[in-house]
Amino acid sequence: MGKVYVFDHPLIQHKLTYIRDKNTGTKEFRELVDEVATLMAFEITRELPTEEIEIKTPVTTAKTQVLSGKKMAIVPILRAGIGMVEGVLKLIPAAKVGHIGLYRDPETLKPIEYYAKLPADVEERDFIIVDPMLATGGSAIEAINSLKKRGAKSIKFMCLIAAPEGVKAIHDEHPEIDIYIAALDEKLDDHGYIVPGLGDAGDRLFGTK
């Protein structure tokens, strides 16, 4: 069964407070999302495999650790997920970046894929899907489906704020997926918004309505 990791680091929680605040403007909101994504990337990469090499220091030789070359890819769900990509790339600059675009069918309310562009070597990479919000879970599930049908074997999901309903929905459909979040909120309201949440992440990132 996939695990749920809630990052309670003081810096993440401090910045999340201002991300939630409705008085935080677009520029500051964007910068804060970027910073929290970097802090979360530090935690999500904690178990990356390493290998020992020998180097020369100014004093002597030393056996020390480097990453063992595991290939990684970051996949934002368009459009709000884009706001988290640069923050993750600061710590994993060699990662490839894919994109998945989804829209909601007005009749069925189900997410429909309209765009998918991924690295060619999908089967060899560890994927991190990023999206600021995990509400009903519909978009996240469809993004995971999209990666799996193209051959992805290793997938994690990372978001800033999640509702319990969304976490449950992912694990009902994809029980092996690990979910990394900065805050697990109370619930969804009748309109599918996370409570207390932060509003519409895309609008707040890009200054739209």
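Contact here means heavy atoms within 4.5 Å. The structure is a predicted model, in which local features need pLDDT of at least 70 and side-chain atom pairs count only at pLDDT 80 or more, while totals for chains, interfaces and linings use all residues. Residues are numbered from 1 along each chain as its sequence is written, and side-chain values use heavy atoms, with hydrogens and water left out.

Leaving aside neighbours within four places in sequence, His174 is in contact with Ile141, Ile144, Asn145 and Lys148. This histidine sits in the loop between helix H5 (164-173) and S11; helices (H or I, at least four residues) and strands (E, at least two) are DSSP runs, numbered from the N terminus. With a relative accessibility of 5%, His174 counts as buried, a term that stands for under 20% relative accessible area, with exposed meaning over 50% and partly exposed the range in between (1.4 Å probe, protein chains only). The side chains of His174 and Lys148 make a polar contact at 2.8 Å, that is, a pair of N or O atoms within 3.5 Å; within protein, one must be able to donate a hydrogen and the other to accept it, and residues adjacent in sequence count only if both atoms are side-chain atoms.

Aromatic residues come next. A pair of aromatic rings is described by the distance of the centres and the angle of the planes. Rings of Phe, Tyr and Trp (its six-membered ring) pair if their centres lie within 6.5 Å, and planes under 30 degrees apart count as stacked, over 60 as edge-to-face and the rest as tilted. Three aromatic pairs are found in the whole structure. Tyr5 and Tyr180 are stacked, because their ring centres are 4.7 Å apart and their planes lie at 10°. This pair links distant parts of the chain, with Tyr5 in strand S1 (residues 4-6) and Tyr180 in strand S11 (residues 178-184), 175 residues apart. Tyr180 is buried, at a relative accessible area of 6%, whereas Tyr5 is partly exposed at 25%. Together with Phe7, Tyr5 and Tyr180 form one aromatic cluster. Tyr103 and Tyr114 make a tilted pair, 6.4 Å from centre to centre with 40° between the planes. Since Tyr103 belongs to strand S6 (residues 99-104) and Tyr114 to strand S7 (residues 111-117), the pair ties together parts eleven residues apart in sequence. Tyr103 is partly exposed, with a relative accessible area of 43%.

Turning to the annotation, the unreviewed UniProt entry lists Ile194, Gly199, Asp200 and Ala201 under "binding site". Ile194, Gly199, Asp200 and Ala201 are included in the lining of the largest pocket. Ile194 lies in strand S13 (residues 194-195) and is buried at 7% relative accessibility. Beyond residues up to four places away in sequence, Ile194 touches several residues, including Met133, Ile161 and Asp185. Ala201, in helix H6 (residues 201-206), is likewise buried, at 5%. The pocket itself is defined on a 1 Å grid over the protein atoms alone, as an open set of points with protein on both sides within 12 Å along at least five of seven lines, and lining residues have an atom within 4 Å of a point.

Among the buried residues of H2 are Phe29, Leu32, Asp34 and Ile44. The buried residues of H2 pack against partners including helix H1 (10-20), strand S10 (154-162), S11 and H6.

Methods. UniProt positions are given in the numbering used here, feature names are shortened, and annotations may be inferred rather than shown by experiment. On a 1 Å grid over the protein atoms alone, a cavity is a set of points where a 1.4 Å probe fits but cannot get out, and a pocket is an open set with protein on both sides within 12 Å along at least five of seven lines; lining residues have an atom within 4 Å of a point.
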